[in-house]
Amino acid sequence: LNLHRHLRSTGLSELASDTLSETLPYNATSIGIAYVGGLESDGKTPADTRTDAQKTALRNLIGMLQERFPDVTIHGHREFAAKACPCFDVLGL
C-alpha cells in the first residue's frame with residue numbers, strides 16, 4: 001500500500017517515503033503512521049509528546065482508514081519490535 005504517513009506537530013499529515021525495518025514483513029499490506037516527537041527533552045527517554053493537533057489528526061486519520069478498510073487492525077510499533085514507541089495506547093487513541 002505504501003501510504004505511510006508522518007504527523008507534524010501542527011497535525012499536518014504528510015506522505016512518508018520511508019518504512020520501518022522492524023515491520024518489513026507487513027509493509028506491503030500495512031499503513032505506518034509516525035509522529036514527530038516521542039522523546040523527552042533529553043532526546044533519549046520515551047514519552048507521549050503528541051500535541052493536541054497530532055492527537056486530533058491521528059484520530060481523524062485512523063477513522064478515515066477504518067472507513068476505507070473496514071477489516072483493518074491497529075497495532076503499535078512496539079508490538080513488532082523491542083521498542084517503547086508509541087508511548088500511548090494505540091487502541092485508546
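The structure is a predicted model, in which local features need pLDDT of at least 70 and side-chain atom pairs count only at pLDDT 80 or more, while totals for chains, interfaces and linings use all residues. Residues are numbered from 1 along each chain as its sequence is written, and side-chain values use heavy atoms, with hydrogens and water left out.

**Sheet and helix**

- Helices (H or I, at least four residues) and strands (E, at least two) are DSSP runs numbered from the N terminus, and two strands pair if DSSP finds at least two bridges between them.
- Three strands form an open sheet with mixed pairing, in the order β2-β1-β3.
- The edge strands, each pairing on one side only, are β2 (13–15) and β3 (33–35).
- From one strand to the next, the twist averages 25°; axes are lines fitted to C-alpha atoms, for helices over the stretch in contact, and angles run from 0 to 180 degrees between N-to-C directions.
- Strand β1 (residues 5–7) pairs with β2 in the antiparallel sense over three bridges, and R5 stands opposite L15 in β2.
- Helix α1 (residues 52–68) lies across β1, β2 and β3 and runs at about 175° to β3.

- Q54 has its place in helix α1.
- This residue, Q54, counts as buried because its relative accessibility is 1%.
- Contact means heavy atoms within 4.5 Å; leaving aside neighbours within four places in sequence, Q54 is in contact with L7, R8, S9, G11, Y35, V36 and T49.

**Cysteines and the cis peptide bond**

- A disulfide is a pair of cysteine sulfur atoms within 2.5 Å, and by this rule the count comes to zero disulfides.
- C85 is in no disulfide, the nearest cysteine sulfur being that of C87 at 7.0 Å.
- Seen from C87, the closest cysteine sulfur is in C85, and the 7.0 Å between them is too far for a bond.
- C87 counts as partly exposed because its relative accessibility is 24%.
- The peptide bond from C85 to P86 is cis, with omega near -5°; P86 lies in the segment after α1.

**Largest pocket**

- On a 1 Å grid over the protein atoms alone, a pocket is an open set of points with protein on both sides within 12 Å along at least five of seven lines, where a 1.4 Å probe fits; lining residues have an atom within 4 Å of a point.
- The largest pocket holds about 1100 Å³ of space, a volume being the space filled by probe spheres set on grid points that are joined across faces, edges and corners.
- Of the 40 residues that line the largest pocket, the closest to its centre are I31, G32, I33, H75 and H77.
- β1, β3 and α1 each supply at least two residues of this lining, and α1 gives the most, with four residues.

**Exposed positions outside helix and sheet**

- G37 has its place in the loop between β3 and α1, and it counts as exposed because its relative accessibility is 51%.
- The C-alpha atoms of G37 and E14 are separated by 15 Å, with the two residues 23 residues apart along the chain.
- T73 has its place in the segment after α1, and it counts as exposed because its relative accessibility is 56%.
- The C-alpha atoms of T73 and T49, 24 residues apart along the chain, are separated by 24 Å.

Notes:
Buried < 20%, exposed > 50% of the residue type's maximum accessible area, 1.4 Å probe, protein only.
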